[in-house]
Amino acid sequence: MDWFASKNLLGGLSAEPAPVSRLSLGNSGKIELFFRCDGAEPSKVVVGLVLDELLGSDIDELAVDLSRESKIWTVHWPLNPRRRGVYPLQATYVQTDSRFGLWRFKKRYPCKAEARVYPNLRRDRRQLANIFLNRGMVGTHLQRIIGQGRDYEQLREYLPGDSMFDIHWKATAKRGEPVTKTYQVERTREIYLILDHSRLSGRIVASGQDGAPDESALERFLTATSILNLVAGKQGDLFGLVTFADKVTGFMRASSGRAHQQCVQDSLFNLHTSRTTPDFDELFTFLRLRLRHRALLVFLTDLSDPAASEAFTSRVRMISRQHVILTNMIVGGGIGPLFRPDQEINSLDEMYSALSGHLRWHDLAVIGRSLRQSGVSLGLLEQENLAVEVVNQYLRIKQRQLI
C-alpha cells in the first residue's frame, strides 16, 4: 500500500522551468520552477537541476514544501551567473519519500528551457542616468540643435540674407524672381554599430573582482552596444547592428521599438570571441552594398595590429564619403604621451614602461591622423568610460546635424 501511494503521488505531479530565464552578468537572479498536481500531491519533494558551474549556483538541490492548499506552486532557484551566454536546461529531477519513509522515489521531467545571461549594464546606466531618467513625453524638453537640417521642406520667397546655396534656380527661372529652399531638422536617423569579435577582442582589459572572471574587450564592446541601443531608442533614432570577424557574422537592419531592442539584445548575449583575423575587405564591401542611406557608423574594434590598421585605413575610404564614421578602441592606462602632468616615474622599470606606452600611443596617433584624412575619427578610450564616451560622441553628432 505504501509503495502504490507514493507511486501515484509522483505520477500526478508535473514539474517544468520557465522556457526562458533572463539573467544579468554578476547580478543575483533566479530560475522559476512551476509544479502542478492533478491528484493527491506529496507534502515534500526535493528538486534537482543540472546546471553549468558558470551560472553560479550555490546549491545542488532544493527542498520544496507542497503542503499548502493549491494545485500550482512556483519555486525560485537562486543563481549568480559569472559568464555571459546561453545555458540549456534539459531536465528537472524530483525526489520524494514514501509515506512511512520506507521507499524513495525519483522521477525525471524532460524540458526544453534555457537561461540567458546578458551583459551587466547597471554601472553604465548609472553614469548616463540623466538620459534614462527622462521618462515619458510629458512637458517640453529643450535640446539645442546646431544647423538648419538636411531634409527639404518647401519653397518660399527670397529674403535678404539668404545664402546663395539655398536658392532654387529652376523655380527662380520659372517665377522670374528669387526663390529659396527651406529645410526641416531631421528627427529620425539611422545608427549602425559595427562590432569586431575577432581574436583581438579577447584581450583582457579589466581584472575580475570578488572571484569574477577577467573582463575582455568584447565584454566592454557588448555593454557599449547595449547602452547605445537604449539611448538611440530614447532619442527616437533607428538602431542597427553589424558583427564581424573573418566574415560578417550578423546583420540587423536599423529599426526602433521595444521588440527591435530586445532582438538586438538577444543577438548579443551569445556572441563570443573568434580566433580569426578580421577581414575588412569583406566588411566594407558588405557595408557599401547594404547601407544605401547616409548613416552614423560606430566601429568598436582594435587597430593595434599593424596589418589590421593598414587594412582598415585603406578600405574605409569605400564608405567614408557617404557615411559619418566613428572608430573607437580600448587602450590601457599606460598608453599615452611620455611627459604628462599626472605621471610619476620613480624607477628605471617605470621609465621603460612609460617609454613603451609612449611608443604605442605614437603609433596609434599616426593611425588617427591617417584616418582623419579620410574623414574618420579615431577614439582611444579607457575601458571603464567606453560606453559613456560612445554615447557622448553620438549625441554630439546628432546635435550638430552631421547625418
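Predicted model: local features only at pLDDT ≥ 70, side-chain atom pairs only at ≥ 80, totals over all residues.
Residues are numbered from 1 along each chain as its sequence is written, and side-chain values use heavy atoms, without hydrogens or water. Local features need pLDDT of at least 70 and side-chain atom pairs count only at pLDDT 80 or more, whereas totals for chains, interfaces and linings use all residues.

Me: How many salt bridges does the count come to?
Reply: A salt bridge is a side-chain nitrogen of Lys or Arg within 4 Å of a carboxyl oxygen of Asp or Glu. By this rule, the count comes to 10 salt bridges.

Me: Which residue forms a salt bridge with Arg 199?
Reply: Arg 199 lies in the loop between strand E11 (190-196) and strand E12 (204-206), and its partner lies 106 residues apart, in the loop between strand E16 (296-300) and helix H8 (306-315). Helices (H or I, at least four residues) and strands (E, at least two) are DSSP runs numbered from the N terminus. The closest N and O atoms are 3.5 Å apart, and the partner is Asp 305.

Me: Is Asp 302 buried or exposed?
Reply: Asp 302 forms a salt bridge with Arg 203, with 2.9 Å between the closest N and O atoms. Buried means under 20% relative accessible area, exposed over 50%, and partly exposed in between (1.4 Å probe, protein chains only). Arg 203, at 31%, is partly exposed. Because its relative accessibility is 5%, Asp 302 counts as buried.

Me: Which residue meets Asp 281 in a salt bridge?
Reply: Asp 281 is partly exposed, at 33% relative accessibility. The N to O distance of the pair is 2.2 Å, and the partner of Asp 281 is Arg 315.

Me: Which helix gives the largest share of the lining of the largest cavity?
Reply: Among the residues lining this cavity are Asn 229, Ala 232 and Gly 233. Three lining residues, the largest share, come from helix H5 (residues 217-234).

Technical notes: 1 Å grid on protein atoms, 1.4 Å probe; cavity = no way out; pocket = protein on both sides within 12 Å on 5 of 7 lines; lining within 4 Å.
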